[in-house]
Amino acid sequence: MSIYRTINRISRAATSSYQRLYWSTPVQQSPHHYSRFRSPSEQVLGCRVISPWFSRSFRSGGPQPQYEEDQVDPFSLVADELSIVANRLRSMVVAEVPKLASAAEYFFKMGVEGKRLRPTVILLMATALNVQISKPASEGVVDIISTELRTRLQAIAEITEMIHVASLLHDDVLDDADTRRGIGSLNFVMGNKISVLAGDFLLSRACITLASLKNTEVVSLIATAVEHLVTGETMQMSSSADQRSSMDYYLQKTYYKTASLISNSCKSIALLTGQTAEVAMLAYEYGKNLGLAFQLIDDVLDFTGTSSSLGKGALSDIHHGIVTAPILYAMEEFPELRSVVDRGLDDPANVDLALEYLGKSHGIQRTRELAAKHASLASAAVDSFPENDDEDVQRSRRALIELTHRVINRTK
């Protein structure tokens, strides 16, 4: 079966997989449906209007996901291995210059490592593709081989996390942010220059580890992801009025800024384990769709969350003039919102008006539903992996699917 037929099969299977593995109540999209369910706990910050944004299926008090197998905790499943990766990361970011070392390790210290979603996905993907955690030493040479391969796969988790943190350091400088992960951002604490240099240092460490893998295709994939990070940020900074109002432009930028790194890292795992091109593409599709779903919910939480729950300022995007999916969907319902956005969101009066339109729209609801669609596509990719009855493999695959639920139901 060709790669393209496989991806088409994922798309066709998404709806049935969504019903079978996700929710006991299907999403309804009629205007009457929107008026039936209200969520008094979720509203646009600073907006007087509380709108019935999302359906019963997406509310925390609504039906919960129903699985064919027992649920698993994705983070607990790889907790021991995450600790190994975290300790190795802390040792990798040591620098000769004390100030640089302090800056580079800023977000790798215990307690501020963040969600660690990316390394968790990568480690689960490794086992889901039948690469086991080290076997007992009694198995001799087999243990040595499996341990060496597993260490190489852990290196992808480390590389990905260093690139991710480097991008956060650079983004915070560009956005003039003052908080990150519930503490002062590095640029706020130590200044822009050292923050940029710390990000560059992390990228260089990631490159050294990447080169040690001696796999040119994996090097190319990760280098492409870094290029996409830069491209996505540039798209965000330099978009025209028409581009800012385009959902296609927004999704392309979102893929570059968030999903590319996860998807290419998942594909790298498949390549390092000797999987076929078809399976490598399935791993890529999982990472891409999980990443898109994650960012779509991030964009929702920017409007509905609080600074304490997010670990950074709420309403950050709109105050920086960044138009995201909820506003884009609101524009479809209220075309006059386009002129408000075009006038500039650096004016607080325009921000307040935009929030009022958002509150009257189904922008939050529709963004959540789009996130759920991508989560379903990610789940369908896992369902399409080659059959394997190994218990660890099955558990890791269920954990990858569980992550899609957690991503679209998270509140921070």
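**A cavity and its aromatic neighbours**

The lining of the largest cavity divides into seven nonpolar residues, four charged ones and no polar ones. This is a predicted model. Helix 4 (residues 79-92) gives the largest share of that lining, five residues. In total, 11 residues line the cavity, and A86, L89, F108, R116 and E161 are the closest to its centre. The volume of the largest cavity is about 80 Å³. The count of cavities of 30 Å³ or more comes to one. Rolling a probe the size of a water molecule over the atoms shows where such empty space is left.

Now turn to the rings. The structure has two aromatic pairs. Y255 and Y256 make up a tilted pair, with 5.8 Å centre to centre and 50 degrees between the planes. Y255 has 12% relative accessibility, so it counts as buried. Y256 is at 18%, and buried means under 20%, so Y256 counts as buried too.

The other pair is F334 and Y357. Their ring centres are 5.6 Å apart and their planes lie at 45 degrees, so this pair is tilted. The pair links distant parts of the chain, 23 residues apart. F334 sits in the loop between helix 16 (325-333) and helix 17 (336-343), while Y357 belongs to helix 18 (residues 348-360). Both F334 and Y357 are buried.

Charges also meet rings here. The charged end of K360 sits over the ring of F334, 5.4 Å from its centre. R118 lies over the face of F294, at 5.9 Å from the ring centre.

Technical notes. Residues numbered from 1 in each chain as written. Predicted model: local features only at pLDDT ≥ 70, side-chain atom pairs only at ≥ 80, totals over all residues. Heavy atoms only, no water. Phe/Tyr/Trp six-rings, centres within 6.5 Å; stacked < 30°, edge-to-face > 60°. Buried < 20%, exposed > 50% of the residue type's maximum accessible area, 1.4 Å probe, protein only. Helix = DSSP H or I, 4+ residues; strand = E, 2+ residues; numbered from the N terminus. Lys NZ or Arg CZ within 6 Å of the ring centre and 35° of its normal. 1 Å grid on protein atoms, 1.4 Å probe; cavity = no way out; pocket = protein on both sides within 12 Å on 5 of 7 lines; lining within 4 Å. Points joined across faces, edges and corners; volume = space filled by probe spheres on them. Nonpolar A, V, L, I, M, F, W, Y, C, P; charged D, E, K, R; others polar.
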